[in-house]
Amino acid sequence: MGDRGTSNDSEVTDFILVGFRVRPELHILLFLLFLLVYAMILLGNVGMMTIIITDSQLNTPMYFFLGNLSFINLFYSSVIAPKAMVNFWSESKSISFAGCVTQLFLFALFIVAEGFLLAAMAYDRFIAICNPLLYSVQMSARLCTQLVAGSYLCGCISSVLQTSMTFTLSFCGSRAIDHFYCDARPLQRLSCSDLFIYRIISFSLSSIIILPTIISIIISYLYIISTVLKIHSSEGRKKAFSTCSSHLGVLSVLYGAGIFMYLTPDRFPELSKVASLCYTLVTPMVNPLIYSLRNKDVKEALRKILEEKIPLFNFMLTVT
């Protein structure tokens with residue numbers, strides 16, 4: 001393990017992930033909780049991707065985006081959860097310098113990509129509700145692929161900039177990161193560099209990323225609300241709003257937790273950790289539930305798969 005008292009950032013070989021400041025006997029409980037949540041993330045998101053890939057009736061833009069959302073949720077939770085669970089049992093709780101760089105890079109890539117993908121999904125709902133007759137023409141396979149590829153590209157560019165800026169700082173104090181994963185904000189607290197320019201660039205980068213996605217989402221939903229209110233039948237309005245409710249639920253959890261975390265003062269790091277749990281583990285866990293429990297197409301596709309793959313399930317359906 002690297003010397004914690006050095007002032008030369010080139011000598012940094014590892015960091016310490018402090019994690020949650022709880023009594024040691026609670027680490028087992030936290031491990032089991034993380035294990036349960038991560039198992040549900042794997043089951044839900046792998047299951048969602050499998051359903052979308054195998055059922056030809058789900059070969060639509062909305063489910064193409066949803067499949068990519070499940071992939072993103074699965075990947076960035078896998079960047080965080082396994083290492084956190086290992087550290088509940090580890091005495092050193094260390095992470096190598098390269099491992100910390102990799103964790104920050106991958107998490108930043110996929111969390112930003114998710115923001116842009118959710119904006120693309122809002123645009124998809126806007127076209128479906130406001131221009132239903134032109135939906136298949138406007139939301140072509142080519143455009144959908146471009147929107148998803150653009151989301152990953154924006155995530156990659158943002159992540160390269162964020163990670164390179166963070167790890168060019170000098171770390172001359174403690175190596176103990178007061179968090180359960182490598183994130184930019186707790187890493188800043190370890191730096192002895194002048195953070196003024198860094199914070200200006202970081203704020204500008206965040207604004208460039210967040211503002212376009214939020215504006216596009218707001219504009220899409222303003223048009224959606226305007227169109228839905230013009231529908232005369234209450235059943236029609238209910239059906240139109242139901243297609244957006246799942247998306248709005250995911251948006252609320254992701255952006256709500258993110259805003260809460262980054263607006264929380266540095267003197268309350270434990271609150272930041274709780275907020276981080278919402279979008280690193282809770283959001284990837286609940287997203288498949290939100291989209292499947294309220295979606296008849298997904299339920300029907302799941303029923304078909306169970307009938308084909310599990311004879312006992314098919315037998316029980318026949319008996320009933």
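## Close-up views of a predicted model

**Figure 1. Overall dimensions of the protein, shown as a predicted model.** A compact globule of 320 residues would have a radius of gyration near 20 Å, and the 22 Å found for the protein agrees with this. The C-alpha trace spans about 65 × 50 × 30 Å along its principal axes. The chain forms 11 helices and three strands, and these elements follow one another from the N terminus in the order β-α-α-β-α-α-α-β-α-α-α-α-α-α. Of the contacts with a separation of 6 or more, 77% are made by residues 24 or more positions apart.

**Figure 2. Surface and charge of the protein.** The accessible surface amounts to about 16500 Å², and carbon and sulfur atoms contribute 70% of it, while 44% of the 320 residues are buried. There are 23 positive and 19 negative side chains, and the centres of these two sets are 9 Å apart.

**Figure 3. Phe15 in the largest nonpolar core.** In soluble globular proteins, nonpolar side chains tend to be buried together. The largest nonpolar core of this model holds 87 residues, among which Phe15 and Leu187 touch the most other members. Helix α3, residues 97-130, supplies the largest share of this core, with 18 residues. Leaving aside residues up to four places away in sequence, Phe15 touches a set of residues that includes Phe97, Cys100, Phe167, Phe171, Ile177, Leu187 and Leu190.

**Figure 4. Ile95 in strand β2.** Strand β2 covers residues 94-96 and contains Ile95, which counts as buried because its relative accessibility is 7%, under the 20% limit for that class. Although Ile95 and Asp14 are 81 residues apart along the chain, their C-alpha atoms are separated by 5.6 Å. Beyond residues up to four places away in sequence, Ile95 touches Asp14, Phe15, Leu17, Lys83, Cys100, Gln103 and Cys182.

Figure 5. Lys93 is found in the loop between helix α2, residues 61-89, and strand β2. Most residues other than glycine have a negative phi. Lys93, which is not a glycine, has a positive phi of about 55°.

**Figure 6. Gln188 in helix α6.** Helix α6 runs over residues 184-189 and includes Gln188, whose relative accessibility of 14% makes it count as buried. When residues up to four places away in sequence are not counted, Gln188 touches Leu195, Tyr198 and Arg199.

**Figure 7. Ile209 in helix α7.** Ile209 belongs to helix α7, which covers residues 196-229, and with a relative accessible area of 15% Ile209 is buried. The C-alpha atoms of Ile209 and Val112 are separated by 7.5 Å, whereas the two residues are 97 residues apart along the chain. Val112 is also one of the residues that Ile209 touches, together with Phe116 and Ser158, when residues up to four places away in sequence are not counted.

Technical notes:
Residues numbered from 1 in each chain as written. Predicted model: local features only at pLDDT ≥ 70, side-chain atom pairs only at ≥ 80, totals over all residues. Heavy atoms only, no water. Helix = DSSP H or I, 4+ residues; strand = E, 2+ residues; numbered from the N terminus. Buried < 20%, exposed > 50% of the residue type's maximum accessible area, 1.4 Å probe, protein only. Contact = heavy atoms within 4.5 Å. Rg over C-alpha atoms; globule rule 2.2 N^0.38 Å. Areas by Shrake-Rupley, 256 points an atom, 1.4 Å probe, with all protein chains shown as cover. Lys, Arg positive; Asp, Glu negative; His and termini not counted. Charge placed at Lys NZ, Arg CZ, Asp CG, Glu CD. Core = buried A, V, L, I, M, F, W, Y, C linked by side-chain atoms within 4.5 Å.
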